[in-house]
Amino acid sequence: MIKLIRGGVYYTEGKLVKESVAFMVEAKKQKAIKGTLAYNILKTHNKGDEENLKISFDALVSHDITYVGIIQTAKASGLKEFPLPYTLTNCHNSLCAVGGTINGDDHLFGLTAAKKYGGNYVPPHLAVIHQYMRETEAKCGAMILGSDSHTRYGALGTMAVGEGGPELVKQLLKQSYDIKRPEVIAVYLKGKPKKGVGPHDVAIALVGATFKNGFAKNKVLEFIGPGIKNLSMDFRCGIDVMTTETTCLSSVWETDEITEEYFKLHGRGGDFKPMHPAETSFYDGAVVIDLSTVEPMIALPFHPSNAYTVKEFIDNANDILGEIEAKGNALLGKESFKLRDKVKKDGVHISQGVIAGCAGGTYENIAEAAEILRGKSCGNGEFELSVYPQSQPVFKCLADNGSVSSLMSSGAIVKTAFCGPCFGAGDTPANNGLSIRHTTRNFENREGSKPTEGQLAAVALMDARSIAATAANGGVLIPATEAEYTKKIKKYYFDKTIYDNRVYRGAGKPDKKAEVICGPNIADWPEQIALTENVLIKAVTVIKDAVTTTDELIPSGETSSYRSNPLRLAEFALSRKDPEYVKKAKAVKADEEYRREKGILPESVLKAVAIKIKPDTLYGSCVVAKKPGDGSAREQAASCQRVLGGIANIAMEYATKRYRSNLINWGMLPLVCRKFDFKKGDYIYIENIRSLIRDNAEVIPAKHISGGNVKNITLEIGALTPEEKKIILDGCLINYNKNK
């Protein structure tokens, strides 16, 4: 299905040619490098030099888990008005079901902030964040920055990036997004998908081929090739949004008459332009996907890269589910997680199906699922199917075209636009349940279960078509290629009046007299102190997993209701991974507060360290993990640590650029250690850290104190821009801007 080409490749005359056999002179290579779509979009948005980019975006977007903190941070840093279009959507805390008024208070904050500072506001249930941006804001050749990791509009010719909130704050303060020029990977599409294969099948195969080997990490995926013309816009967007799970930085696609038709359909024909690579373009590698060979796929717990064909999984279900059981029981710490009981004589029995969100809730996904279910039944047993159209315009068209009626008649439950099933705020299955979902992620306990309370369920990712086929099969798993149905669906239309009558469009029209209304749970960020000349760091948690997701660092689900209150949210930090973390981090913070008051660390700390500590030494906690930060862009994975007195992370590598950026923007040291031999309670002492950072040192000498033994170690901090250095030295982005 998928072939990876490592090393440089040229794209010329519609074909990929390896650099090793192209015999291009260096001058032609340099010209070809500048021929990619990504290069030219970045160039038009760059205020830096060729290698060190300083990007200014065309628009910003956030949802109701992140926008309060972003605006509060920007306000504390001197915000007067939004200098570029900023859209605030409400698709994560939409249910207003936890914590009394706090979610509704956040929504009112968003509306009043949009009025005061000049932004756009999309009320709850109207659209999920990324569909609204596709329908109204994406433009060919533009760049959009979002505080959600799945900010991807490449299929519409827009390079979009998902980052932590502080990077949006920088744009609101007219500062730049600073990165090294990213490598660009060609994704060459050929062939045509067979009936029953959908965008999630292609996406899961792509993620499975590229995630574990880091093939696309922090790079731009550029989709080219003759296969693009065989894909509708919904199909393209469904693949594109999942590129986040490859850990790439962004994505962009060639545009064509199908793209143009999409823009015209949405009343924005002027936002289209044809986009193609130059006659000869150079890429740093390539992924070749033959769409005609892609089979229905399933990404099994606990990661989107745990990919199998549905048929392969069915044939080996007992063994594969046994492996997942073992992982789940290790997480629980006891032998109570059961999945192999789902394997019966007639096949693998599924507990729940969900089609939702920015990946699953498209018109075509749901319309084709409705055709598969037409005249059939989901049954009245354990299996249940929920369907969430991703916007009210999509919902209305599905209703008018008869798809909603077909789904309801089959027993499916059709609900409003909501991202909750993707991150554990809705449709949490029963303990030991196995859910199949056309959503973006299936990390451990992201579906809402609580392992610390003995609960664990499992989510597998599948395309809407195979989910519908399974529903029609009484909840017994089958691929959609085995379903009998008419694939032809009615043409989509877009009803703009739905947004005209409900969305507040205030971009560029700030009302300085307007009042931003803050409910009782909305709190300012607590003050953070600047980095001192020396630091003593206590490893209060050590995570030995191969990869640590942001969901493990700060759980999603019901905790999202507290994201407008930094102190309350911090109480949930690592709660599903290390329940002792908060208490231990608070103890370190209390000892640091004692040091600032008395001028010396408590005797208990000095005795435990047993080496001479210089007076000007900041004491704080750190998280040690092999590869932290996979998944969500949410800044709270870092800010919660900071609020609890965290001053560093130590990792063998960081899973994503955005998590490392979040650490930096919250004034935390993103340290790297190639040898992983830390234990809980160990200390790391670093002298002259301020001077080392100021002097551009990438290697940091330190002392590692463990069980009374002291040894010299070498840490790395990696390249930092001048602004990043100052942010770390000042203690966080807020302090940096105040000091400016």
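What follows is a conversation about a predicted model of a protein chain.

Reader: What does the secondary structure of the protein chain come to?
Author: The model is predicted, and in it the protein chain has 28 helices and 32 strands.

Reader: What are the spans of the C-alpha trace along its principal axes?
Author: The C-alpha trace of the protein chain spans about 75 × 60 × 60 Å along those axes.

Reader: What share of the residues is buried?
Author: Buried residues make up 64% of the 740 residues in the protein chain.

Reader: What about contacts between residues at least 6 apart in sequence: what share joins residues at least 24 apart?
Author: Of those contacts in the protein chain, 77% join residues at least 24 apart.

Reader: Let us turn to helix packing. How are two packed helices described?
Author: Two packed helices are described by the angle between their axes and by the distance between the axes.

Reader: Then what are those values for α14 and α18?
Author: Helix α14, residues 363-373, packs with helix α18, residues 464-472, at an angle of about 25 degrees, and their axes are 8 Å apart. Angles under 35 degrees count as roughly parallel, so α14 is roughly parallel to α18.

Reader: Is the crossing of α14 and α18 left-handed or right-handed?
Author: The crossing of α14 and α18 is right-handed.

Reader: Which residues make the contact?
Author: On α14 they are E364, N365, E368, A369, I372 and L373. On α18 they are A464, R465, A468, A469, A471 and A472.

Reader: How do the residues of that contact divide by class?
Author: The contact of α14 with α18 has eight nonpolar residues, one polar residue and three charged residues.

Reader: How do the axes of α14 and α16 cross?
Author: The axis of α14 comes within 9 Å of the axis of helix α16, residues 403-410, and the two cross at roughly 45 degrees. The helices α14 and α16 are therefore oblique to each other. Their crossing is left-handed.

Reader: Which residues make that contact?
Author: From α14 come I366, A367, A369, A370 and L373, and from α16 come S403, S406, L407 and S410. By class, the contact of α14 with α16 has six nonpolar, three polar and no charged residues.

Reader: Let us take S403. Is S403 buried or exposed?
Author: S403, found in helix α16, counts as buried because its relative accessibility is 4%, and the cut-off for buried is under 20%.

Reader: What does S403 touch?
Author: Not counting residues up to four places away in sequence, S403 touches A367, A370 and L398.

Reader: A new topic: where does G208 lie?
Author: G208 lies in helix α8, residues 199-210. At 30% relative accessibility, G208 counts as partly exposed.

Reader: With which residues is G208 in contact, leaving aside its neighbours within four places in sequence?
Author: G208 is in contact with S305 and A307. The C-alpha atoms of G208 and S305 are separated by 4.1 Å, although these residues are 97 apart along the chain.

Reader: Which residues of helix α27 are buried?
Author: In helix α27, residues 722-730, the buried residues are E724, K725, I727, I728, L729 and D730. The elements that cover them include α7, α25, β29, α26 and α28.

Reader: What follows α27?
Author: G731 follows α27, and its phi is positive, near 110 degrees.

Reader: Which residues are joined by a cis peptide bond here?
Author: A cis peptide bond joins P301 and F302, with omega at about 10 degrees. F302 lies in the loop between β14 and β15.

Reader: What is the phi of H125?
Author: The phi of H125 is near 75 degrees, a positive value in a residue other than glycine. H125 has its place in the loop between β6 and α6, and H125 is partly exposed, with a relative accessible area of 26%.

Reader: And what is the phi of D427?
Author: D427 is not a glycine, yet it has a positive phi of about 60 degrees. The place of D427 is in the loop between α17 and β21. At 15% relative accessibility, D427 counts as buried.

Methods:
Residues are numbered from 1 along each chain as its sequence is written. This is a predicted model: local features need pLDDT of at least 70, side-chain atom pairs count only at pLDDT 80 or more; totals for chains, interfaces and linings use all residues. Side-chain values use heavy atoms; hydrogens and water are left out. Axes are lines fitted to C-alpha atoms, for helices over the stretch in contact, and angles run from 0 to 180 degrees between N-to-C directions. Helices (H or I, at least four residues) and strands (E, at least two) are DSSP runs, numbered from the N terminus. Angles under 35 degrees count as roughly parallel, over 145 as roughly antiparallel, 65 to 115 as roughly perpendicular and the rest as oblique. A crossing is left-handed if the near helix is turned anticlockwise from the far one by less than a right angle, and right-handed if clockwise. Contact means heavy atoms within 4.5 Å. Ala, Val, Leu, Ile, Met, Phe, Trp, Tyr, Cys and Pro count as nonpolar, Asp, Glu, Lys and Arg as charged, and the others, Gly among them, as polar. Buried means under 20% relative accessible area, exposed over 50%, partly exposed in between (1.4 Å probe, protein chains only).
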